[in-house]
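Biologist: Please take me through some of the labels attached to this structure. For each one I would like the value and the cut-off behind it.

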Amino acid sequence: MNKINKQKTEGMLRTVSVIILSFIAALILGSVFILILGKDPIETYRQLIFSPFTNMGNFGAVIRNMIPLTIVAVGVSFAGKCGLSNLGGDGQFLMGALAMIIVSTTVGKYLGSFSIIAGMVLGIVFGAVCGGIAGFFKAKFKVSEIITTLMINYIVQYFIAWLDHGPMLKAGSSTPQTESVAEYERIPRIFAGTTFSYAIFIALICVILYWIVMEKSLFGYKIKALGGSVKAAAYGGIRSDSYYLKVMAISGAFAGFAGVVEVCSFAYCVQDGISNDYGFNGLMVALLGFYSPWGMVLAAFFFSLLTAGGNVMQVTSAVPTTLVDMLRGLMILFILFGLSGKAKKKLRKFQFGAKREKEKAAQAESEVA
């Protein structure tokens, strides 16, 4: 048992080391880009990393971006633990946002404050249907869920754009957007004048729910068994086709729920760009957090920190926010390489060689003595 715990600790330390080294390597390469622009890398990175902590408004922007990222990442992690990839988070997110607007503009005035609950339920259903379609095709026809979810993204995005420009266009609006949700359907802010809202607790509840399901339930155990080996799971009586459909529906449900939370917390309507790439970034958050509950929270906070800091950096240092996207991409690339089988093999070979050199040196010293 002690040996197993020791191996887990070593694995965790190795992973943390890879993440830290990847971040440093990304900053170094990013410095080259900053120098080409004729800017000071140290001042640029100071604005990028530390400016979100200078006032509550900037910090509220970090929490504001962290909320949808965390909820979407929870859904992606359900799929990831099952060996699936949900790249349809943006479309599922949009369908959830649309669901809240439908409830608000139809039965909202009759339900009052309860309309937000109805919107959440409908948003979960809409997101689950989007995710479930990909799961169905994966289970029944072995169609890659990556392709299916990506295609559904395009369908939903153009469908929402059509609604924004036509049937659901806000009366008298010169920009494509729907009607706004009522005041009683909005999640209040914790600090006035900031975007720091009580929705952060909703995101944390989603993380806790994910931990309970994955670590304390038979359903979670079967999901992890499928993710580990489909053949071994089948030998144990776990049918992959049934779980693929369920897991993809659950994954989509969380993304749809994130869309509802976004509308009720910040956007208050559905308009172009509301998804803000939360689906794709939520996928990266889940990967960077290694599908771990609190790893996802830290990764979401880090991504949001870079986003909020990047906006300040662009104003103060005149360095475009594309630097943030580049740093994210470099980090993920370095982490994937650092944790790849080939890199681990080279590291073990290096460690073994170093150990042999130490043994030879010790042997030589003893012979001399």
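This is a predicted model: local features need pLDDT of at least 70, side-chain atom pairs count only at pLDDT 80 or more; totals for chains, interfaces and linings use all residues.

Biologist: What rules out a bond for the sulfur of C130?

Modeller: Its closest cysteine sulfur is in C206, at 18 Å, which is too far for a bond. The count of disulfides comes to 0.

Biologist: Why is C82 called buried?

Modeller: The relative accessible area of C82 is 2%, and buried means under 20%.

Biologist: What makes α8 and α9 roughly perpendicular?

Modeller: Helix α8 (residues 199-216) packs on helix α9 (residues 218-228) at an angle of about 75°. Angles of 65 to 115 degrees count as roughly perpendicular, so the label applies to this pair. The axes are 5 Å apart.

Biologist: Which residues make that contact?

Modeller: From α8 they are V213, M214, E215 and K216. From α9 they are L218, F219, G220, Y221, I223 and K224. By class, the contact has 6 nonpolar, 1 polar and 3 charged residues. G220 is in the contact, and Gly counts as polar.

Biologist: How do α12 and α14 pack?

Modeller: Helix α12 (residues 278-288) and helix α14 (residues 322-338) meet at an angle of about 35°, with axes 11 Å apart. Their crossing is left-handed. On α12 the contact involves N281, M284 and L288, and on α14 it involves R328, M331, I332 and I335. The classes here are 5 nonpolar, 1 polar and 1 charged.

Biologist: What is noted about the phi of Y291?

Modeller: Phi of Y291 is near 60°, a positive value, and the residue is not glycine. Y291 lies in the loop between α12 and α13.

Biologist: Why does Y291 count as partly exposed?

Modeller: Its relative accessibility is 22%. Buried means under 20% and exposed over 50%, so Y291 falls in between and is partly exposed.

Biologist: What makes A318 partly exposed?

Modeller: A318 has a relative accessible area of 48%. Exposed means over 50%, so A318 stays in the partly exposed class. A318 lies in the loop between α13 and α14 and has a positive phi of about 60°, although it is not a glycine.

Note on methods:
Residues are numbered from 1 along each chain as its sequence is written. Side-chain values use heavy atoms; hydrogens and water are left out. A disulfide is a pair of cysteine sulfur atoms within 2.5 Å. Buried means under 20% relative accessible area, exposed over 50%, partly exposed in between (1.4 Å probe, protein chains only). Axes are lines fitted to C-alpha atoms, for helices over the stretch in contact, and angles run from 0 to 180 degrees between N-to-C directions. Helices (H or I, at least four residues) and strands (E, at least two) are DSSP runs, numbered from the N terminus. A crossing is left-handed if the near helix is turned anticlockwise from the far one by less than a right angle, and right-handed if clockwise. Contact means heavy atoms within 4.5 Å. Angles under 35 degrees count as roughly parallel, over 145 as roughly antiparallel, 65 to 115 as roughly perpendicular and the rest as oblique.
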